[in-house]
Amino acid sequence: MDSVGVAAAAPDAGPGPAWQSKCPWGAPSTTSISCSLADVMSEQLAKELQLEEEKAAFPEVVAAAEGPFITGENIDTSSDLMLAQMLQMEFDKEYDAQLRREEKKINGDSKVSISFENYRKVHPYDSDSSEDEVDWQDTRHDPYRADKPTTTPKRGFIGKGKDITTKHDEVVCGRKNTARMENFAPEFQVGDGIGMDLKLSNQVFNALKQHAYSEERRSARLHEKKEHSTAEKAVDPRTRLLLYKMVNSGMLETITGCISTGKESVVFHAYGGKSATEDKVIPPECAIKVFKTTLNEFKNRDKYIKDDYRFKDRFSKLNPRKIIRLWAEKEMHNLTRMQNAGIPCPQVVILKKHVLVMSFIGQDQVPAPKLKDVTLSNEDMKKAYYQILNMMQQLYRECNLVHADLSEYNMLWHDGKIWLIDVSQSVEPTHPHGLEFLFRDCRNVSQFFQKGGVAEALNERELFNAVSGLNITADNEVDFQAEIEALEKINEDHVQNHGKKLSTFSSDGDPPIYDE
Ligand code: ADP
Ligand code: MN
């Protein structure tokens, strides 16, 4: 199954497919048909793909592995990195499909088969194949650091001189060539060739070498990208497809770029387009939050969602991909509640899988600064404090929510007021840890404003009571915390015994605004 074949099995000459030029096993006579990025981006190819696409109706639910989605008549593919990547991705996929067909054709029923594995464009880490059934990344395994192929010891190879001398004995030279394959980048899979008495002709070796070098460069580029852009990881082909479709449908005008890459999400800015339905208005500027998570991260966070009774029944049955979607869904629901209560926050535009589109807080592509990054006048600082106090109360009482990650990092300053963002982890106060989360929020807020010179700012315990309407009297942090946990316990016991939550936490026992 590994590449053990030799050049004899060359495919038919003639107007061959693009891969031939890159395939060292291929017929040497074949005129080189390159497949550089320049080609991929060529107008002609784009048109061809477009034509092809136009022939096929655009299916509603599209399997990611299927045909190109190059339909945008007005899309400026040359200026948009994302779309360029889409195009590249589709091209790579086509290329690989073609490669697979050729591989099959050549091998037929033959016992010795040739593998074109090394010439595939879609590599495991950027593939969109079915094994890629999860869109999180497990950080324990770095897909970029491929395992060193297990090769058998070298056979009399003296490792210097890159050039091939053609004057040597063909057999010896062939063996040397084979051995030299070990010098290729470790990621470059040379199969079992090294361990065998395989004699590579200079021509084949040179072609292989060329391929190995370009692969190395390519892999280095990917590495670099990975280092510098977490976005690359979150925006897997599937996500790109989703984004692409949003632009394609006209819902978004353009996706201009990335505003933030965090551990759990990547946020993009986009200009809004037109809605398919009359009643819905797309904001002129949108923020697109793409949820991602590492396996570890997801483990850290699952307490927020697992114990949220709204999601309880569903949680256990879900795979990681679906859980990521739940985060997005949660953020959407929570934002909607907040919107209904009149709390300044992004307005939900649409949720597609793990991608949440909302209104952009900021202007002309410049996001509103986080509270931690603005210097407010004393007056504004005081105003901001009373505003957040008010919002926390509204959040608790009207939305029946605790933010659970409230700090100067998740408050934006825009239009002379605070906007709350990042509510995917927000929970209801009766969540088993809801009050602890609230206390932590209070501590953050209280410390920030006290340090910021707001003399009126309540301390964390006073703030907690003011928000929750509870009257915990402990005058030190430890006791206070203990009382909070005792309350949570009472509630949990009640759930165990009566199967429902106490309403003690909400001060007036109002039904939740949003019913699931
Ligand atoms: P994370 O979980 O990665 O912290 P956030 O929702 O806090 O996700 O978003 C990360 C950053 O992206 C924010 O700090 C903010 O700067 C920016 N951002 C998120 N949503 C918006 C929005 N609707 N408008 C403007 N900027 C936003
Ligand atoms: Mn955040």
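The model is a predicted one. The protein contains 15 helices and nine strands, and 48% of its 516 residues count as buried. Its accessible surface is about 26600 Å², with 50% of that belonging to carbon and sulfur atoms.

**Strand β5 and its partners**

- Strand β5 spans residues 355-359, and because five of its five residues are buried, the strand is largely enclosed by the rest of the structure.
- On one pairing, strand β3 (residues 285-291) runs antiparallel to β5 and is joined to it by five bridges. Ala287 has Met358 of β5 as its bridge partner.
- Strand β4 (residues 348-352) also pairs with β5, again in the antiparallel sense, over four bridges. Here Lys352 is bridged to Val355 of β5.
- The β4 and β5 strands form a hairpin with two residues between them. Lys353, in the turn, has a positive phi of about 50°.
- In a regular strand, side chains alternate between the two faces of the sheet.

- Thr239 belongs to helix α8, which covers residues 237-248.
- With a relative accessible area of 0%, Thr239 falls under the 20% cut-off and therefore counts as buried.
- Thr239 and Val355 are 116 residues apart along the chain, while their C-alpha atoms are separated by 7.8 Å.

**Nonpolar cores**

- Nonpolar side chains tend to be buried together in soluble globular proteins.
- The largest nonpolar core has 56 residues. Those with the most contacts inside this core are Ile388, Met392, Ile418, Leu420, Phe449 and Phe464.
- Helix α12 (residues 378-397) gives the most to this core, contributing nine residues.
- At least three residues of this core come from each of domain 2 (231-367) and domain 3 (369-501).
- Another core, of 18 residues, lies apart from the largest one; among its members are Leu243, Leu252, Ile255 and Val355.

**Surroundings of Ile418**

- Leaving aside residues up to four places away in sequence, Ile418 touches Pro344, Leu371, Ala384, Gln387, Ile388, Met391, Met411, Leu412, Trp413 and Phe449.
- Of these, Ile388 and Phe449 are listed with Ile418 among the residues that have the most contacts inside the largest core.

How values were computed. Residues numbered from 1 in each chain as written. Chains lettered and ligands numbered in written order. Predicted model: local features only at pLDDT ≥ 70, side-chain atom pairs only at ≥ 80, totals over all residues. Heavy atoms only, no water. Buried < 20%, exposed > 50% of the residue type's maximum accessible area, 1.4 Å probe, protein only. Pairing = 2+ DSSP bridges. Areas by Shrake-Rupley, 256 points an atom, 1.4 Å probe, with all protein chains shown as cover. Core = buried A, V, L, I, M, F, W, Y, C linked by side-chain atoms within 4.5 Å. Domains from an automatic or database assignment. Contact = heavy atoms within 4.5 Å.
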